[in-house]
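Open the model in your viewer and keep the selection tool at hand. The stops below say what to pick and what is there.

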Amino acid sequence: MNNFSAEEQRRLADINNSIPQLLAGNILHDADGNPPVLLAGAEYNGIWLEHNQDCFFAADLFPDIAWNSQNIFMRHQQPDGLLPYAFRFDPFRVCVSQLQTVWPFARCALETARKLNRPEADFARIYEAGIRYDSWLKQYRSRNALGLVDMYCAFDTGHDNSRRVMDGGIPNPCPDKWAGNMPELPCMPIAAADLSAMRFGGLEALAELAEMLDKPQEAKELRVEAEMLKSAIHTHLFDRDDEFFYDLSQGVFRKYRTEHITRIFLNHVVDQALFDRIYNRYFENENEFAVPYPFPSVSVSDPSYNADHPHNCWGGNTQLLTLLRLPLWMEHYRRSDELTRIMKRYLKAFIRHDNPFTQELHPETGAPIGNNGNYTPALLFFREAYRRVFSLEKEALV
């Protein structure tokens with residue numbers, strides 16, 4: 001049973017019914033010559049590559065908008081293959097100063113296209129764009145000589161205000177605001193666990209696309225390359241004593257226990273047995289990530305955890321971007337029951353605090369942080385949580 005009172009259920013239903021209209025308010029129709037797109041919402045007047053999963057979750061409500069919001073990245077891919085990390089619409093700007101990507105573009109675009117039953121030509125375009133982007137990553141983001149993907153700036157992973165991506169004097173954007181420029185710092189290059197996982201997931205998606213497009217030899221080569229990258233991630237970025245994946249700088253682990261580990265899960269870098277060991281050790285431990293409103297962006301016992309919880313801080317706050325990605329990996333790793341419990345807690349906290357769909361939550365209380373409402377991932381996660389919790393309730397009554 002869902003343990004919601006009749007009044008709580010009524011309030012949740014009313015809120016859920018309002019979400020399509022609220023999401024529609026985040027659609028930019030006059031997109032400076034581009035077709036209408038779904039913005040990140042709140043104070044963010046733009047569309048980000050790290051938000052690409054928003055399109056996947058919104059596809060059933062706004063199919064054309066969801067596809068436009070994937071297609072814009074292919075339309076504005078740079079001649080050298082770099083995908084912009086964002087587009088701003090105040091006025092329109094193509095932003096290329098960092099990577100800021102989590103769920104690989106090729107994977108998200110592929111799954112969105114499947115969901116929307118797009119024509120074969122669109123799958124071919126995704127494949128071409130993904131291959132070019134992967135070539136760019138190999139050329140400009142693998143100076144570590146290990147085959148891994150380097151982090152050059154704090155915004156590369158989207159972990160704003162986290163010591164993991166700041167310590168060592170790392171700048172926010174890359175030098176001269178171009179993602180191919182590595183700053184001249186003693187800690188560079190830094191082989192990043194989550195960016196390497198992102199590339200692995202992209203290679204896996206490209207191999208699937210190659211098979212769909214009747215390119216068996218290319219599919220085989222992509223799978224071989226993906227396996228080599230996965231092996232490098234396990235060999236060089238996995239601390240066997242800690243059972244945690246860390247970034248690597250000058251042959252030394254940068255030991256920050258942050259939510260970047262969920263991106264290892266998101267891209268299926270680990271098998272079920274290793275996942276279970278990591279999850280049981282860290283995500284079922286109240287001294288790590290098992291807080292009342294999981295999952296914080298940094299383990300509560302990590303020295304870098306920011307207990308002050310300022311706005312837009314990946315140094316401790318529970319982020320709705322992280323929550324929205326949970327269904328993409330918790331189901332895969334057989335944690336459906338845990339996912340449902342997390343979603344129930346979120347729904348309870350939402351109505352308790354009259355949350356206006358903010359970007360972040362306090363990991364101990366579930367209270368909203370800041371007042372930047374109508375954040376697209378928050379709207380979409382509420383919708384996913386409501387549908388899951390109450391569809392399971394209906395199934396139990398049958």
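Start at Phe 295. Phe 295 sits in the loop between α9 (272–283) and β12 (318–319). Helices here are DSSP runs of H or I with at least four residues, strands are runs of E with at least two, and both are numbered from the N terminus. Now show the backbone of Pro 294 as well. A cis peptide bond joins Pro 294 and Phe 295, with omega at about 0 degrees.

A word on the source. This is a predicted model, in which local features need pLDDT of at least 70 and side-chain atom pairs count only at pLDDT 80 or more, while totals for chains, interfaces and linings use all residues. Residues are numbered from 1 along each chain as its sequence is written, and side-chain values use heavy atoms, with hydrogens and water left out.

**Another cis bond**

Select Asp 90 and Pro 91. The peptide bond that joins them is cis, and omega is about -5 degrees. Pro 91 lies in the loop between β4 (86–89) and β5 (92–95).

**Helix α1**

Select residues 6–24. This is helix α1, with 19 residues. From first C-alpha to last, α1 reaches 29 Å, close to the 27 Å expected at 1.5 Å a residue. The expected span is 1.5 Å times one less than the number of residues.

Zoom in on Ser 18. A kink of about 35 degrees lies there, shortly before the proline Pro 20. The bend at a residue is the angle between two fitted axes, one for the seven residues ending there and one for the seven starting there.

Which residues of α1 are buried? They are Leu 12, Ala 13, Ile 15, Asn 16, Ile 19 and Leu 23. Buried means under 20% relative accessible area, exposed means over 50%, and partly exposed is in between (1.4 Å probe, protein chains only).

**Helix pairs**

Select α3 (residues 63–75) and α4 (residues 105–116). They pack at an angle of about 150 degrees, with their axes 10 Å apart. That makes α3 roughly antiparallel to α4. Axes are lines fitted to C-alpha atoms, for helices over the stretch in contact, and angles run from 0 to 180 degrees between N-to-C directions. Under 35 degrees counts as roughly parallel, over 145 as roughly antiparallel, 65 to 115 as roughly perpendicular, and the rest as oblique.

The crossing of α3 and α4 is left-handed. A left-handed crossing has the near helix turned anticlockwise from the far one by less than a right angle; clockwise is right-handed.

Move to α10 (residues 320–330) and α11 (residues 336–353). Their axes come within 10 Å and cross at roughly 155 degrees. That makes α10 roughly antiparallel to α11. α10 and α11 also have a left-handed crossing.

**Cysteines**

How many disulfides are there? The count is zero, where a disulfide is a pair of cysteine sulfur atoms within 2.5 Å. Pick Cys 108: the nearest cysteine sulfur, in Cys 55, is 5.9 Å away. Cys 108 is buried, at 0% relative accessible area.

Next, Cys 153. The closest cysteine sulfur to its own is in Cys 174, at 3.4 Å, too far for a bond. Cys 153 is buried too, at 0% relative accessibility.

**Positive phi**

Finish with two loop residues. His 268, in the loop between α8 (260–266) and α9, has phi near 55 degrees, a positive value in a residue other than glycine. His 268 is partly exposed, with 32% relative accessible area.

Asn 374 lies in the loop between β14 (368–369) and α12 (376–397). Its phi is also near 55 degrees, and Asn 374 is partly exposed at 27%.
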